[in-house]
Amino acid sequence: MTEAQTYERVRSALHDLKFLTASDSLDALAQQAAAEHWSYPAFLDRLLQAELAARQEQTIATHIRRARFPFVKTLDQFDFACQPSIHEPQIRDLATIRFVAHGENVLLLGPPGVGKTHLAISLGMAAILNGKSVAFYTVADLLDQLALDARADRLPSRLKSLARPDVLILDEMGYFPIDKRAAQFFFQLVSLRYLKGSIILTSNKSYGEWDSIFSDTVLAAAILDRLLHASTTVNIRGESFRLREKRQAGVFTGLPNHASVATQE
Ligand code: ADP
Ligand code: MG
């Protein structure tokens, strides 16, 4: 077999084995190996590393797509200086994603606009970069989905699919009341993921106000009990970041509280 035939057979074998990046990189790497006198293992190492890097990138892209984030934000884009109620080392520690290994939860509480969703997505992104799978739902969307599922007798399969991702983000708990059937579903969901799959939950309500979200206070207590058992709570205070940006842009000055936001936006 000639050199050219061997090369072509290797390239096509890599392709058939679905080592597509290695197959594409073969030519350039073989030339570089010859020019720079690489050892055989060094050449093979470079070829396999190229394949692995491409696969990791694909996995990350797939996980980001499947997570269905409403927007992608990372921790680098979070300005800790303008949110003094947040202890930066605590968030940086959460971003190591150790909590996911133990199925622990993160609860981000605070008024609108203080960065809860941004932080939840940033932690989700950090999880994905650590090879984990993530699913993002607003509680409102999930409740709509559950109502449809209940009618179509699909609740058990929904529960299964929500149990699967390593991290489940539930955004904006507390803006809508949760009826008894949805509360029972939440209880099942939290129980199923308990110490196995992490939940990152954001809410504008403090724990004391959870009774007002759920019509059933016993279920509310049971859900909170499981959510909080192995968890980190981040209480965020301060003014809305959106509001602050507008204030700095000179759109208005001196807004006393959040109640005024609706009329100004
Ligand atoms: P919340 O979920 O608490 O209502 P968001 O996370 O949606 O607030 O934040 C509102 C907007 O302000 C988003 O675009 C977010 O990226 C931005 N934001 C909030 N806090 C910060 C911050 N400390 N640094 C950078 N951007 C921020
Ligand atoms: Mg939000």
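Begin by selecting Asp 153, which counts as exposed because its relative accessibility is 71%. The model in the viewer is a predicted one. Asp 153 belongs to the loop between α7 and α8 (155-163). Its phi is positive, about 60°, although Asp 153 is not a glycine.

For a second residue of this kind, select Ile 97, in the loop between α4 (88-94) and α5 (98-101). Here too a residue other than glycine has a positive phi, in this case near 70°. Is Ile 97 buried or exposed? With a relative accessibility of 4%, Ile 97 counts as buried, since the cut-off for that class is under 20%.

**The sheet**

Next, select the strands. An open sheet is formed by 5 strands in the order β2-β3-β4-β1-β5, and the pairing is parallel. β2 (134-138) and β5 (231-235) stand at the edges; each has a single partner strand, so one side of each lacks a neighbour in the sheet. From one strand to the next, the twist averages 10°. In general, the strands of a sheet pair through backbone hydrogen bonds.

β2 and β3 are paired in the parallel sense over 5 bridges. To locate this pairing, select Val 134 together with Val 167 in β3, its bridge partner.

Now select β3 alone. Of the 7 residues of β3, 6 are buried, so the strand is largely enclosed by the rest of the structure. On to the pairing with β4: β3 and β4 run parallel and are joined by 5 bridges. Met 173 can be selected here, with Ser 203 of β4 standing opposite.

Together with β3 and β4, helix α9 makes a right-handed β-α-β unit.

Continue to strand β1 (residues 105-109), which pairs with strand β4 (residues 198-203) in the parallel sense over 4 bridges. Which residue of β4 is the bridge partner of Leu 108? Selecting Thr 202 shows the partner in question.

**A helix across the sheet**

Select helix α7 (residues 139-151). This helix lies across β2 and β3 (167-173), and α7 runs at about 85° to β2.

Turn next to helix α2 (residues 20-36). The 17 residues of α2 reach 24 Å from the first C-alpha to the last, close to the 24 Å expected at 1.5 Å a residue. Where is the kink in α2 centred? Select Leu 26: the kink is centred there and amounts to about 50°.

Leu 26 is also one of the buried residues of α2, as are Ala 22, Ser 23, Ser 25, Leu 29 and Ala 33. Just after α2, select His 37, which takes a positive phi of about 55°.

The last stop is α3. This helix has 28 residues and reaches 41 Å from its first C-alpha to its last, close to the 40 Å expected at 1.5 Å a residue. Which residues of α3 are buried? Select Phe 43, Leu 47, Glu 51, Ala 54, Thr 62, His 63 and Ala 67 to see them. Then display the elements against which the buried residues of α3 pack: α1, α2, α6 (116-129) and β2.

Key
Residues numbered from 1 in each chain as written. Chains lettered and ligands numbered in written order. Predicted model: local features only at pLDDT ≥ 70, side-chain atom pairs only at ≥ 80, totals over all residues. Heavy atoms only, no water. Helix = DSSP H or I, 4+ residues; strand = E, 2+ residues; numbered from the N terminus. Expected span 1.5 Å × (residues − 1). Bend = angle between axes of the 7 residues up to and from the residue. Buried < 20%, exposed > 50% of the residue type's maximum accessible area, 1.4 Å probe, protein only. Pairing = 2+ DSSP bridges. Axes fitted to C-alpha atoms, helices over the stretch in contact; angles between N-to-C directions. Contact = heavy atoms within 4.5 Å. Right-handed = clockwise from strand over helix to strand, strands pointing away.
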